[in-house]
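User: I would like a close look at one residue of this model, followed by the setting in which it is found. Please keep the account plain.

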Amino acid sequence: MASVEQANSGGENRGRKKNKWQQRKRIGFHIDMTPYVDVIMLLLTFFIMTSTLNQPQVMQINLPKGDENTTVKVDMGNVVFIRVSEKGNIGLSKGKSDGTEEQPIKVNLEQLNQYIEKWGTQNKDMIMILKFHRKAKYDLMISVLDEINRAAIEKRYSFSKMEEPDFKVLEAIGG
Amino acid sequence: MPAIKKRVRPQQAIDMTPYVDVIMLILTFFILTAQFKAELAEDIQVKLPNSGNDTTKLPERNVMTLVINKFGDIFADVDNTKVREDVLGDAIAIAAYHPDSTSQPGWLNPANLNDKGTMKRPIITFKDREKFKKLLIDFRLSSKSNVGKDLRIVVKGDKDADIGTVQDLMDILKETKNTRFSFVTDLETDEKEKK
């Protein structure tokens with residue numbers, strides 16, 4: 001490249017006189033960028049590897065304040081029981097105003113969402129009581145809570161301990 | 001000039017400038033967004049459950065993390081070393097409690113806790129429920145006096161943990177008047193495939 005340019009300028013010199021600025025053509029130089037790029041690439045790789053892209057999310061839970069012994073009286077007609085058995089079956093049943101409850105139905109997560117959304121829009125005072133078997137998996141608990149959060153209703157739920165009568169209810173849907 | 005000149009191939013130089021520009025942009029992006037993993041995250045591994053519509057992000061500072069692994073252990077940790085030093089007497093220690101008396105704590109075998117099989121941080125075990133409750137209260141009080149900010153509580157449970165352990169922890173939280181806390185979840189990405 002440089003030799004070509006020099007030959008050119010030499011030829012022009014022989015001819016008519018040129019502008020002072022055009023005559024002095026600077027020889028182009030270039031920096032070898034390869035080591036620079038190598039370092040940059042290393043840095044880039046490091047940051048890509050160490051960055052955590054999906055920041056975990058959180059599910060906000062508010063437990064009721066107050067003592068274990070403070071009981072709140074609720075109308076059984078507004079209560080919906082969601083029970084989760086050891087095997088991971090979900091039993092859903094509605095309470096009746098006389099203190100008893102309807103036959104439980106076995107649902108999957110999607111049906112659970114549909115039922116509570118339907119019942120929640122029919123009855124604005126609906127309260128969900130969640131009873132989980134101690135040996136059931138935490139993953140399922142989050143899924144159930146997620147379905148409740150996803151439903152377009154007012155979310156009122158409370159956690160409750162699973163007791164002897166609950167096991168009997170769960171047996172009706174296959175344990 | 002000789003009639004036949006050796007044809008010298010002109011050296012080809014690719015202009016790297018635009019390439020470097022782009023790389024630099026990407027590099028800047030990653031430097032700015034980088035958040036280094038907390039020490040705890042690598043020490044006790046849990047598989048987070050997925051959830052679909054939680055939009056709140058995990059708070060970055062002043063967090064008390066309660067990790068539940070699949071062996072039913074509860075680990076309590078705060079992100080501030082001063083608070084740790086103050087409450088546990090060791091700046092890098094982590095507190096552990098196993099609520100279920102019928103099973104063995106998982107931390108007895110370090111291979112249970114992470115892939116590496118070693119714990120970088122010393123574990124301070126709590127046998128007594130009341131002492132563990134006091135620890136949680138102490139963490140919050142210490143944070144208030146040392147940092148001037150209250151702790152936010154996050155519960156990081158393993159997918160395969162028993163709900164019983166989570167319930168025990170929830171009882172403890174309730175008894176220590178920590179009624180606001182959050183469960184850490186991963187965003188559900190393949191939600192449609194699942195259904």
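Is B:Lys177 buried or exposed, and what is its relative accessible area?

Analyst: B:Lys177 is exposed, with a relative accessible area of 58%. Buried here means under 20% relative accessible area, exposed means over 50%, and partly exposed is in between, with a 1.4 Å probe and protein chains only. This is a predicted model, in which local features need pLDDT of at least 70 and side-chain atom pairs count only at pLDDT 80 or more, while totals for chains, interfaces and linings use all residues. Residues are numbered from 1 along each chain as its sequence is written, chains are lettered from A and ligands numbered from 1 in the order in which they are written, and side-chain values use heavy atoms, with hydrogens and water left out.

B:Lys177 sits in the loop between helix 5 (163–175) and strand 8 (180–187) of chain B. Helices (H or I, at least four residues) and strands (E, at least two) are DSSP runs, numbered from the N terminus. The backbone of B:Lys177 has a positive phi of about 65°, although the residue is not a glycine. Most residues other than glycine have a negative phi.

Another loop of chain B, between strand 5 (94–97) and strand 6 (123–126), holds B:Pro99. Leaving aside neighbours within four places in sequence, B:Pro99 is in contact (heavy atoms within 4.5 Å) with B:Gly72, B:Ile74, B:Thr165 and B:Asp168. B:Ile74 is 25 residues from B:Pro99 along the chain, and their C-alpha atoms are separated by 7.7 Å.

For chain B as a whole, there are 6 helices and 8 strands. From the N terminus on, its elements run α-α-β-β-β-β-α-β-β-α-β-α-β-α. Chain B has 195 residues, of which 42% are buried. Of its contacts between residues at least 6 apart in sequence, 72% join residues at least 24 apart. The accessible surface of chain B is about 11500 Å², and 53% of this belongs to carbon and sulfur atoms; such areas come from the Shrake-Rupley method with a 1.4 Å probe, and for residues only the protein chains shown count as cover.

Now to helix 1 of chain B. Helix 1 of chain B covers residues 17–33, and its 17 residues should span 24 Å at 1.5 Å a residue, which agrees with the 24 Å between its end C-alpha atoms. The expected span is 1.5 Å times one less than the number of residues. Within this helix, B:Val20, B:Ile23, B:Leu27 and B:Phe30 are buried. Seen down the axis, these buried residues fall within an arc of 90°, so they line one face of helix 1 of chain B; the arc is that of the directions from the helix axis to the C-beta atoms. An α-helix has 3.6 residues a turn, so residues three or four places apart point the same way. The face turned away from the buried side carries the exposed residues B:Leu25 and B:Leu32.

The buried residues of helix 1 of chain B pack against helix 3 (34–50) of chain A. In turn, what covers the buried residues of helix 3 of chain A includes helix 1 of chain B. Helix 3 of chain A has 17 residues and reaches 24 Å from its first C-alpha to its last, close to the 24 Å expected at 1.5 Å a residue. Its buried residues include A:Val37, A:Ile40, A:Leu44 and A:Phe47. They cover an arc of only 90° around the axis, which puts them on the same side of helix 3 of chain A. On the face turned away from that buried side are the exposed residues A:Leu42 and A:Met49.

At 7% relative accessibility, A:Ile40 counts as buried. Not counting residues up to four places away in sequence, A:Ile40 touches B:Ile23, B:Met24 and B:Leu27.

Chain A itself has 6 helices and 6 strands. Of its 175 residues, 33% count as buried. Chain A exposes about 11600 Å², and carbon and sulfur atoms supply 54% of it.
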